[in-house]
Amino acid sequence: MNANIHRRTELELTAGRTARRILYFAVLIFLLLACILISVNVGSVGVSLRDILAALGSDEGGIAGVIRDIRIPRVCMAVMVGANLAVSGVLLQCVMNNPMADPGVTGISSGASVVVLIITMYLPMHTSMIPVWGFAGGVLACILIYSLAWKHGLSAVRVILAGVAVNSVLGGVTSMISLLNSEELSGVLNWLNGELGKKSWTQVRIMAVYTCIGLFLSFLLPRCCDLLSLGDKNTKSLGYDPNVLRIVISAAAVLLAGISTAYVGVIGFIGLVVPHISRMLMGSEHKYLIPFAALMGAVILLAADTIARTIIAPYEIPVGVITTVCGGPFFLYLLRKDNKGYGD
Amino acid sequence: MEIRDLKFSYGDRAFIQGLNGHIEKGKVTTILGPNGCGKSTLLNLIVRQLKPQGGDIFLEGRSIQQMTAREISRKIAMVHQQNRAPADLTVERLVQFGRMPHQTMLSSRDEEGDEAVRWALKVTRMEKMKQKSVGRLSGGERQRAFIAMALAQKTDILFLDEPTTYLDIYYQMEILNLVRRLNREYGMTVVMVLHDINQAMQFSDDIIMIKEGRICYIGSVREGITVERLSEVYGIRAVIHESSENHCPYMIPLVS
């Protein structure tokens, strides 16, 4: 009798958890679709879903042209970059076992942006290579910061401190390059602050290829991430080298953040805020956390971008400015909050 | 299991120098010694959490330096002193991690997996709590959950690093009785570090006594713990009596 009651509550518990997860996923998918529709609509006469599909299929100019060649690429870019940055944040937080790690704080974004800036300024070349340079820059910054912070393993505090130092050096380099090339400055300045507009379909397609690779890799990693969350000693006694896992997971994170930064510049705090909220809703199992964060990142960046281009229309604020202004206080909030739920 | 000429140092301070010893199969061996004498270090060297600077350890005649981490994890399970886990992880999911040595990073398929997890939960009496999250367990339950994870590895050898530290006497006894049962009923070789000499006398067959990185005694617990040796290793004065209840010796430290 007692055992029966017990079994039932147990089943209900598991069922409840699963149902909640499905519900959250459904809500997010709905929000994503709504955001896409709103974002395409905002700033002009109303367009229905059918108009959008018609615009995609046609090659007319006018409103259909605007939708097809300006708004839809922009929406695609926001969705991909949002997903990439959020997943990158989840992975980095797992590597460092600390909820304050993200591609911005760890210097990966600024590393990627400096290298891409140098390349576009001094060695302009085919656009398909730009994400590769972004990745290379991210890897360089990541190696630099990890080796500065390494002392019997990675400590989150040391990584963040090293990240601050590397970030400010890279910021200096960026300013220097911008000043030396002041005639081309305005476009660059917008890009540096994170800008999703003015993207061609070619760029969207290239981005899609790299995004698929990056997200595919990270969807292979949930078990590695879960294992690491049991701590280094347990990871070792279960037969895996925690530092090897860290390098593999970091590589995926740097790829995702690097390619995103290469095309749209530094967009801060998506990688910090989204993983945190996702973890509160989904729990710590990466099997659910990674896809959920990807979806939520897409929704939030798309929403932020829609706000960025409408709030003071006809002018535009770079979306990076919006995310930084909203994300900064959140970082302080995490700093104040104790991280009980996370590790110990 | 053979320990041969093991050397280890932290930085340039030589810590363990030329350890030799033998751990019997199918017995409960306890490593004893004062704080900072190298007990945990020795345990960690044997399971290769740490790498020795010299010497080697042989398991079933093979050097563990030549084994992969995965091979070792299929032969030796270890319960660490301090464990970390996400607070919302359920006990069952935690115990399933014990199957990692038998699975790959990409898939959790393994034939004996479910059976091993069920067995581990049963032996540690955690079945009823398997859906509870780790963050809501008491200290004793938490320790049992991590022991269950180690048991799910289905190894012949189990290492425990101070399994009773931070627990009150009830949970200490619960853990130690569990360890004894694992040894007597399931034939597991157990090696553990304990602080309590009386518990070591009750629950182990053999002891290894360490002082300042050297083994002072290795062998049967009855002959090992003497008044003289306690004074030599711990620097305490004590008397040893035999219980009329179960004929097990016990130790009472005296005012010096």
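Visitor: Which residues touch A:Ala304, leaving aside its neighbours within four places in sequence?

Guide: A:Ala304 is in contact with A:Val319, A:Ile322 and A:Thr323, contact being defined as heavy atoms within 4.5 Å. A:Ala304 and A:Val319 stand 15 residues apart in sequence, while their C-alpha atoms are 6.4 Å apart in space. The model is predicted: local features need pLDDT of at least 70 and side-chain atom pairs count only at pLDDT 80 or more, whereas totals for chains, interfaces and linings use all residues. Side-chain values use heavy atoms, without hydrogens and water, residues are numbered from 1 along each chain as its sequence is written, and chains are lettered from A and ligands numbered from 1 in the order in which they are written.

Visitor: Why is A:Ala304 called buried?

Guide: The relative accessible area of A:Ala304 is 8%, and buried means under 20%, exposed over 50% and partly exposed in between (1.4 Å probe, protein chains only). A:Ala304 is therefore classed as buried. The residue belongs to helix α13 of chain A; helices (H or I, at least four residues) and strands (E, at least two) are DSSP runs, numbered from the N terminus.

Visitor: What makes the approach of A:Thr306 to A:Ser39 a polar contact?

Guide: The two side chains come to 3.3 Å. A polar contact is a pair of N or O atoms within 3.5 Å; within protein, one must be able to donate a hydrogen and the other to accept it, and residues adjacent in sequence count only if both atoms are side-chain atoms. The pair A:Thr306 and A:Ser39 is therefore listed as a polar contact, at 3.3 Å. A:Thr306 lies in α13 (residues 286–310) of chain A and is buried, with a relative accessible area of 10%. Apart from neighbours within four places in sequence, A:Thr306 is in contact with A:Ser39 and A:Val42.

Visitor: How do you know what span is expected of helix α11 of chain A?

Guide: The expected span is 1.5 Å times one less than the number of residues. For the 23 residues of α11(A), 242–264, this gives 33 Å, and the helix reaches 33 Å from its first C-alpha to its last.

Visitor: What is found at the two ends of α11(A), and how many of its residues are buried?

Guide: At the start of α11(A), a side-chain oxygen of A:Asp241 comes within 2.9 Å of the backbone nitrogen of A:Asn243. After the helix comes A:Gly265, with a positive phi near 80°. Of the 23 residues in α11(A), 18 are buried, and the helix is mostly covered.

Visitor: What makes the pair A:Glu285 and B:Arg93 a salt bridge?

Guide: The closest N and O atoms of A:Glu285 and B:Arg93 are 3.2 Å apart. The rule requires a side-chain nitrogen of Lys or Arg within 4 Å of a carboxyl oxygen of Asp or Glu, so the pair qualifies as a salt bridge. Across the interface of chain B and chain A, the rule finds one salt bridge. The count of residue pairs in polar contact between the two chains is 13.

Visitor: How many residues of each chain are in contact, and what area do the chains bury?

Guide: The contact joins 34 residues of chain B to 29 residues of chain A. About 2900 Å² is buried, 53% of it on carbon and sulfur atoms; buried area is the accessible area (1.4 Å probe) that two parts lose on being put together, summed over both. In chain B, B:Arg84, B:Met105 and B:Gln131 lose the most area to chain A, together 28% of what that side buries.

Visitor: Why is B:Asp5 called partly exposed?

Guide: Its relative accessibility is 36%, which is neither under the limit for buried nor over the limit for exposed, so B:Asp5 counts as partly exposed. B:Asp5 is located in strand β1 (residues 2–10) of chain B, and its phi is positive, near 55°, in a residue other than glycine. Most residues other than glycine have a negative phi.

Visitor: Is B:Glu162 buried or exposed?

Guide: B:Glu162 counts as buried, at 9% relative accessibility. The residue lies in the loop between β7 (157–161) and α6 (169–186) of chain B, and its phi is likewise a positive value, near 45°.

Visitor: Which polar contacts does the side chain of B:Asn183 make?

Guide: The side chain of B:Asn183 meets that of B:Arg184 at 2.4 Å and reaches the backbone oxygen of B:Met188 at 2.9 Å. B:Asn183 is situated in α6 of chain B and is buried, with a relative accessible area of 5%.
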